[in-house]
Number of protein chains: 2
Amino acid sequence: MAETAPKFLRPLSAPGADVGRAIGFGPDDALTLDCGRSLESWTCAYTTCGTLNAARSNAVLVCHALTGDQFVAGAHPVTGKPGWWPAMVGPGKPIDTDRFFVVCANVLGGCMGTSGPAEIDPATGEPYGLTFPLVTIRDMVRAQAKLLDALGIGKVLCVAGGSMGGMQALQWAALYPERVVSAMPIATAARHSAQNIAFHEVGRQAIMADPQWRGGRYQKDGTQPSKGLAVARMAAHITYLSEAALQRKFGRSLQDRAEISFAFAPDFQVESYLHHQGMSFVDRFDANSYLYITRAMDYFDLAADYGGVLAEAFRGIRTRFCIVSFTSDWLFPTIENKRIAHALSAAAATVSFVEIESDRGHDAFLLDEPEMFAALRGFLNAVAQSEGLE
Amino acid sequence: MAETAPKFLRPLSAPGADVGRAIGFGPDDALTLDCGRSLESWTCAYTTCGTLNAARSNAVLVCHALTGDQFVAGAHPVTGKPGWWPAMVGPGKPIDTDRFFVVCANVLGGCMGTSGPAEIDPATGEPYGLTFPLVTIRDMVRAQAKLLDALGIGKVLCVAGGSMGGMQALQWAALYPERVVSAMPIATAARHSAQNIAFHEVGRQAIMADPQWRGGRYQKDGTQPSKGLAVARMAAHITYLSEAALQRKFGRSLQDRAEISFAFAPDFQVESYLHHQGMSFVDRFDANSYLYITRAMDYFDLAADYGGVLAEAFRGIRTRFCIVSFTSDWLFPTIENKRIAHALSAAAATVSFVEIESDRGHDAFLLDEPEMFAALRGFLNAVAQSEGLE
């Protein structure tokens, strides 16, 4: 196991793309997956921010959501834009990189350098495509645990993440309770709902309906299922917002015209906005990766691994939890977050739960939400203090 | 103007398909559309149920929703299934065909015999495709008014419909108040919201991304954008239900298997259900028609025609209204229906408003909802009585 330049990258934008850091793991660190298959040779791409203290006790693992990646704080090498959580992670921010050593890894199945369907299968020298094994949230967490091992980090002060990142935080606490001092699952759920599975399936069908997808072999064929992926993103993007936010931002305002055009080009601002979301996503994300990661979320049902009783996932746990939900989030509504808090209480765990008034829907967790910042900053400071950190 | 066998049909299933009745209109009944264009020669397909009384005072016009058609009560000739509102319309039902003469027309732009993009353009002898003019809810209502003229019906006892059918009911009252004794707009809105426009645009993009769509010329090319249309339907179908209904009906139950398959075939019942919805829809609906009708809904904003003040649409109106919404309908939520009721009150119109507790989402209006039946039956009986009907 050695830190290397990533060998098997098939970067999204250009050969040799910056994926931050990457560690290649060999057979000694084979990853046995929930599906029964094993990855003998695999890579984990990640970034770090801040400095690991001598006691190795100030690490915060940040887990990304469906379409996020390891670029949580620094500029993104493909888009050139700031990382996906700049208001939360950085010097002086709630996850303060002046005090904490932040690690953020691209998830297994992702497309920014960690092994996934878009990467090269070392056994064949060709992109995996659909021959990559299906992964679960637990597999993602197992991969992250091996990354932390490689970085010499035993215990993390906190695992934090929103949406699918929150699923990983929960899975971390359930799987490795002794390694997790605290967890901040935000706008998430302990199981993916029927409605959310349904929306994911629409997105997958849109991708697979695109003839350029070619049964998942588009990389070898030199094609791109861009239209299908854009439709998937457009549909998903609506679910990330709220009706109120869409009404406030766009309402029925027209785009660059005074009258409706009686045509199918985008008349309304909300249509242009969605088109932009779809098109820019295609430039930075891989279609097969989208299939794999949505499926991992669909499969997530933490209680199912514990006889259907969520509290059993946390029995005897000493990890402290801070759970956050948003009033207008209909993708991961408050009730799902509360269910986690109740299960933790039933397991006699230490948990605080905060519902934040916001009309910004699910995406609120990525945005400037001072109440969330205050809650998480306070929680993390208290945890750091109890662990004897400055 | 004469009642004829429909001349220009391009039936969905087979040549010579049953469209109920159809009237062909000629230049004397040209339809001037909101887009500025005119249909000189057009057809309206419809069904009737019950008997028109001698005074011609017992007609009820039922308006269908986005994917409905004229087969409101009788068996559908393509699917063989009962009409789309069997619990509401029929002998002894709330809209009692033993007492009332029910007329239901396929909307302009539809695909069951009324002129629309799937029909033959009499000027060219070829399917219109995208050369068909874009239509509005008001255009649909104008066409229905000409149909009623042709049937010798001046005034209708009631105009009733849910969703887009409710938009038509509102537009009828605003455009022809003297012809509408009462109106029952159900689960609807006086304007299409930003979120709803967004969902429609996703559906349209899914259709237009399908290479079989061929710029709308698929009929001439002998292709079918079935995959795109199925994706559009799947996405839309989620919006017709509620999270609670999906959870209750499907939850995370697996389809014909005990364990997840670690594959992309449908593992979950909710996925199989959506696939079925998508595939069966393709058999009975035309892709271009879907584009046209969704656009007509997007364009609907009744207040905009009256200086932005919805009450002005109903100033001085004597039509009586009964408005119904459902608690779990997030596509046309109670607040949108209440807005109509408030505007009617502000216009000093007679309006009753009923919000019905249901977890079935928007589709509740099509289902067995006894409270809705009781409210509408009571309202319609009172209207009939005040009009001196038996």
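Mentor: Let's start with a definition: a residue is buried if 20 or more other C-beta atoms lie within 10 Å of its own, exposed if 12 or fewer, and partly exposed in between. Keep in mind that this is a predicted model.

Trainee: Fine. What makes α2(B) largely enclosed by the rest of the structure?

Mentor: Count by that cut-off: 11 of the 12 residues of α2(B) are buried, so the helix is largely enclosed. Among them are Met167(B), Leu170(B) and Trp172(B).

Trainee: And what covers the buried residues of α2(B)?

Mentor: The cover includes the strands β6, β12 and β13 of chain B, along with the helices α1, α8 and α9 of chain B.

Trainee: How do you know that the span of α2(B) agrees with what it should be?

Mentor: The expected span is 1.5 Å times one less than the number of residues. For the 12 residues of α2(B), residues 164–175, that should give 16 Å, and the end C-alpha atoms are 16 Å apart, so the two agree.

Trainee: Now a loop. Why does Asn53(B) count as partly exposed?

Mentor: Asn53(B) has 14 C-beta neighbours inside 10 Å. Buried needs 20 or more and exposed needs 12 or fewer, so with 14 Asn53(B) counts as partly exposed. This residue lies in the loop between β5 and β6 of chain B. Its C-alpha atom is separated by 8.3 Å from that of Phe100(B), 47 residues apart along the chain.

Trainee: Which residues touch the most other members of the largest nonpolar core?

Mentor: That core has 267 residues, and those touching the most other members include Val60(A), Cys158(A), Val60(B) and Cys158(B). Leaving aside neighbours within four places in sequence, Cys158(B) is in contact with Val60(B), Val181(B), Ser182(B), Ala183(B), Met184(B), Leu380(B) and Val383(B).

Trainee: How many residues of each chain are in contact across the pair?

Mentor: Contact takes C-beta atoms within 7 Å, and by that test 42 residues of chain B are in contact with 42 residues of chain A. On the chain B side, α3(B) gives the largest share, 11 residues. That side divides into 25 nonpolar, six polar and 11 charged residues.

Trainee: Last one: how is chain A divided?

Mentor: Into domain 1 (2–192 + 300–386) and domain 2 (196–294). Their C-alpha centres lie 25 Å apart, and 29 residues of domain 1 are in contact with 21 residues of domain 2.

Notes
Residues numbered from 1 in each chain as written. Chains lettered and ligands numbered in written order. Predicted model: local features only at pLDDT ≥ 70, side-chain atom pairs only at ≥ 80, totals over all residues. Contact = placed C-beta atoms within 7 Å. Helix = DSSP H or I, 4+ residues; strand = E, 2+ residues; numbered from the N terminus. Nonpolar A, V, L, I, M, F, W, Y, C, P; charged D, E, K, R; others polar. Domains from an automatic or database assignment. Core = buried A, V, L, I, M, F, W, Y, C linked by C-beta atoms within 7 Å.
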